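Subject: Structure handover

Hello,

Here is the structure I promised to pass on. Please open it first, then read my notes below.

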Amino acid sequence: MKTVKTILEVREQVKKWRSEGLTVGFVPTMGYLHEGHASLIDTSHKDNDRTVVSVFVNPMQFSPNEDLESYPRDLEHDKALAEEHGCDMIFNPDPCEMYHENFSSFVDMTVLTEELCGLSRPIHFRGVCTIVSKLFNIVKPNKAYFGKKDAQQLAVIRHMVDDLNMDIEIIGCPIIRENDGLAKSSRNTYLNADERKSALVLSHSLEKGKELIKSGVKDCQEIISEIKSVIDSEPLAKIDYVKIVDEATMQQIESLDRPALCAMAVYIGKTRLIDNFFTEDI
Ligand code: AMP
């Protein structure tokens with residue numbers, strides 16, 4: 001496995017693979033890799049001849065009040081994990097390689113980005129769409145792998161690829177959890193011992209929602225208020241949102257009469273965590 005820092009090196013390597021008739025899978029990440037990322041790399045390795053993983057903490061998707069500076073980084077660990085799971089090349093550019101001084105073009109989206117995380121993180125998806133477009137143009141993969149952990153991001157990327165006719169297949173991969181149910185996240189490292197225990201309220205409350213749905217409840221407000229009451233019973237937790245939306249359009253729905261996403265963002269202390277389930281996966 002090689003680690004490269006320049007766009008030119010990625011292009012030359014991918015061109016060589018392509019000329020040999022090899023297929024390329026791509027896993028974009030912000031690094032500090034864990035088993036969630038590993039599952040994406042495993043799936044790409046299984047589906048493709050070669051796998052590229054990008055490790056880049058993208059400044060453009062963070063607001064000034066967010067955790068860009070403190071976001072955890074450990075490239076040596078990332079290299080070892082990625083190689084173990086079959087990655088062939090890590091692309092780890094410096095910010096100036098991705099954004100030159102006169103950078104002024106953006107990929108933006110309406111509607112899907114105006115719900116859920118888009119409400120509390122207004123510039124986030126513009127940053128995500130821009131960096132993912134750039135990475136797609138650099139790597140030119142056959143397939144790209146995204147976790148259902150970031151369900152809105154997955155929907156936004158699918159929509160962008162469709163709107164802009166990008167010739168890339170987007171594959172959504174299941175959420176990988178700790179043994180006790182907490183969804184794996186690089187941000188879990190921010191939690192102290194008490195907060196780590198409290199953070200279980202996300203997956204526990206989602207389990208409550210799934211039970212209600214399995215028992216036949218279709219009214220979204222009823223499901224949401226039961227989920228919220230579980231979260232409210234945890235003193236360290238503060239709800240940003242709990243919503244049920246159409247899984248493709250991300251618009252809120254009243255009744256479970258179509259494939260839906262139940263998604264939440266909850267502050268545990270200062271750390272904002274997200275979790276969700278798709279009704280089709282219950
Ligand atoms: P990040 O490094 O947080 O930007 O995540 C990179 C990719 O890994 C995204 O597609 C995430 O959805 C995915 N990912 C992160 N955590 C998990 C998880 N627990 N299970 C599955 N995929 C994940």
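Start with the charge over a ring at Phe278. The charged end of Lys148 sits over that ring, 5.4 Å from its centre. Keep in mind that this is a predicted model. There is another such case at Phe106: Arg126 lies over the face of that ring, at 3.8 Å from the ring centre.

How many aromatic pairs does the whole structure hold? A search finds six. In one of them, the ring centres of Tyr99 and Phe103 are 5.0 Å apart. Their planes stand at 85°, which is over the 60 degrees required, so this pair is edge-to-face. Phe103 pairs with Phe106 as well. Here the centres are 5.8 Å apart and the planes again meet at 85°, so this pair too is edge-to-face. Together with Phe56, these residues form a cluster: ring pairs link Phe56, Tyr99, Phe103 and Phe106.

- Tyr99 is buried, because its relative accessible area of 16% is under 20%.
- Phe103 has 22% relative accessibility, so it counts as partly exposed.
- Phe106 has 38% relative accessibility, and it also counts as partly exposed.

So Phe106 takes part in an edge-to-face pair with Phe103, and Arg126 lies over its face.

Now the ligand. Which residues are closest to it? They are His37, Gly147, Asp150, Ile176 and Lys184, out of 17 residues that surround the ligand.

- Asp150: an N or O atom of its side chain is 2.6 Å from an oxygen atom of the ligand.
- Ile176: a polar backbone atom is 2.9 Å from a nitrogen atom of the ligand.
- Lys184: a polar backbone atom is 2.8 Å from a nitrogen atom of the ligand.

How much of the ligand does the protein bury? Taken alone, the ligand exposes 480 Å², and the protein buries 93% of that.

The shell around the ligand draws on several elements. β2 (24–29), α2 (35–47) and β5 (143–147) each supply at least two of its residues. α2 gives the most, with three. By type, the shell divides into eight nonpolar, six polar and three charged residues.

Last, the backbone. Most residues other than glycine have a negative phi. Two residues here are worth a look on that count.

Val111 is not a glycine, yet its phi is positive, at about 55°. Where is Val111? It is in the loop between α4 (95–98) and α5 (117–120). Its relative accessibility is 42%, so Val111 counts as partly exposed.

Met250 is not a glycine either, and its phi is positive, at about 65°. It lies in the loop between β7 (237–246) and β8 (260–268). Is Met250 buried or exposed? Met250 is buried, because its relative accessible area of 0% is under 20%.

That is the handover.

Best wishes

Note on methods. Residues numbered from 1 in each chain as written. Predicted model: local features only at pLDDT ≥ 70, side-chain atom pairs only at ≥ 80, totals over all residues. Heavy atoms only, no water. Phe/Tyr/Trp six-rings, centres within 6.5 Å; stacked < 30°, edge-to-face > 60°. Buried < 20%, exposed > 50% of the residue type's maximum accessible area, 1.4 Å probe, protein only. Lys NZ or Arg CZ within 6 Å of the ring centre and 35° of its normal. Near = heavy atom within 4 Å. Polar contact = N/O pair within 3.5 Å; in protein donor to acceptor, adjacent residues only side chain to side chain. Areas by Shrake-Rupley, 256 points an atom, 1.4 Å probe, with all protein chains shown as cover. Helix = DSSP H or I, 4+ residues; strand = E, 2+ residues; numbered from the N terminus. Nonpolar A, V, L, I, M, F, W, Y, C, P; charged D, E, K, R; others polar.
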